[in-house]
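Visitor: Please take a close look at a single part of this model. Start with the backbone, then go on to the site itself.

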Amino acid sequence: MNVFVLTGAGVSAESGLGTFRDKDGLWARFDPMKLATPEAFARDPRTVHAFYNMRRRNLLAATPNEAHQALARLEHALAERGGSLFLCTQNIDDLHEQAGSRHVVHMHGELLKTRCIACDAVTGWREDLTVDTACPHCRRAGRLRPHVVWFGEMPLFMDEIYGALGRADLFVAIGTSGSVYPAAGFVAEARANGIRTCELNLEPSDNAALFDDARYGPAGVVVPAWTAIVMA
Ligand code: OAD
């Protein structure tokens, strides 16, 4: 069986990383148009760096939870049986990798990487970034940005993602509100491909009506319960 899993901020909520659109979520406290667009970075790079420096520090203090661990176990179990897990995440954290997932597709980029807008080099990065930080490749200062996808930018790996959706036997969305496209459109694509769809979330998402099955509760509880059934 080939399983396509899409994860969102809810899968990392119990690791202490905030979601975006819940009551106390990041976008309730911060204005995304001032922090997560190319225009905001061009206008005020210090403020944008400060926001991602804060999030990077929070990530460096976080550890994977039961949901990340269950998905890593599922990847191994499906591979042993000749199947596969395609794990596509909107999250920019590395908690799936920390839990042991081997192949993770980060469609919105990665917080622990930086990209140089002068030479395009992508580099692993765990420190704060400033407007003066020099690119380790081209040595130019002030050209590094977080390697994340901002509003108005194209998500990454879309060909690989739609290819995997086309090969999948089951589509599962975990901890995502279903409000940001193109990820929010994957369930409709899966239905058009004629495969079953399942939602695991704290509460019904914006797309709840499009799923064949659903389990509602904290990811740390519902994800291990679901993966146990799939592995059995
Ligand atoms: P959202 O904040 O929009 O949605 C998080 C979802 O997780 C909600 O449906 C919650 O009900 C659910 N949730 C919260 N806590 C949970 C828990 N403990 N267990 C299970 N589910 C839980 O986050 P995303 O859907 O990931 O993009 O947001 C998508 C994109 O919007 C992000 O990648 C980010 C954001 O703007 C960019 O920054 C470009």
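Guide: R139 sits in the loop between β5 (122–124) and β6 (144–148). Helices (H or I, at least four residues) and strands (E, at least two) are DSSP runs, numbered from the N terminus. Phi of R139 is near 70°, a positive value in a residue other than glycine. P182 is in the loop between β7 (170–174) and α8 (186–192). The peptide bond from Y181 to P182 is cis, with omega near 10°. Most residues other than glycine have a negative phi, and most peptide bonds are trans.

This is a predicted model: local features need pLDDT of at least 70, side-chain atom pairs count only at pLDDT 80 or more, and totals for chains, interfaces and linings use all residues. Residues are numbered from 1 along each chain as its sequence is written, and side-chain values use heavy atoms, with hydrogens and water left out.

Now the ligand. Its shell has 24 residues, of which A9, F20, R21, T176 and S177 come nearest. Near means a heavy atom within 4 Å. By class, the shell holds 10 nonpolar, 10 polar and 4 charged residues. Here Ala, Val, Leu, Ile, Met, Phe, Trp, Tyr, Cys and Pro count as nonpolar, Asp, Glu, Lys and Arg as charged, and the others, Gly among them, as polar.

Domain 1 (1–17 + 64–108 + 155–232) and domain 2 (18–61 + 110–148) both give residues to this shell, so the ligand lies between them. Domain bounds come from an automatic or database domain assignment.

The side chain of S177 places an N or O atom 2.5 Å from a ligand oxygen. The side chain of E14 has an N or O atom 2.8 Å from a ligand nitrogen. At Q90, a backbone N or O atom lies 3.3 Å from a ligand oxygen. Taken alone the ligand exposes 790 Å² (Shrake-Rupley method, 1.4 Å probe). The protein buries 94% of that.

The second largest pocket also lies between domain 1 and domain 2, because both give residues to its lining. A pocket is an open set of points on a 1 Å grid, where a 1.4 Å probe fits, with protein on both sides within 12 Å along at least five of seven lines; lining residues have an atom within 4 Å of a point. The pocket's volume is about 250 Å³, the space filled by probe spheres set on the points. Of its 16 lining residues, L17, G18, F20, L26 and R55 are closest to the centre. The largest share of the lining, 4 residues, comes from α4.

How values were computed: A polar contact is a pair of N or O atoms within 3.5 Å; within protein, one must be able to donate a hydrogen and the other to accept it, and residues adjacent in sequence count only if both atoms are side-chain atoms.
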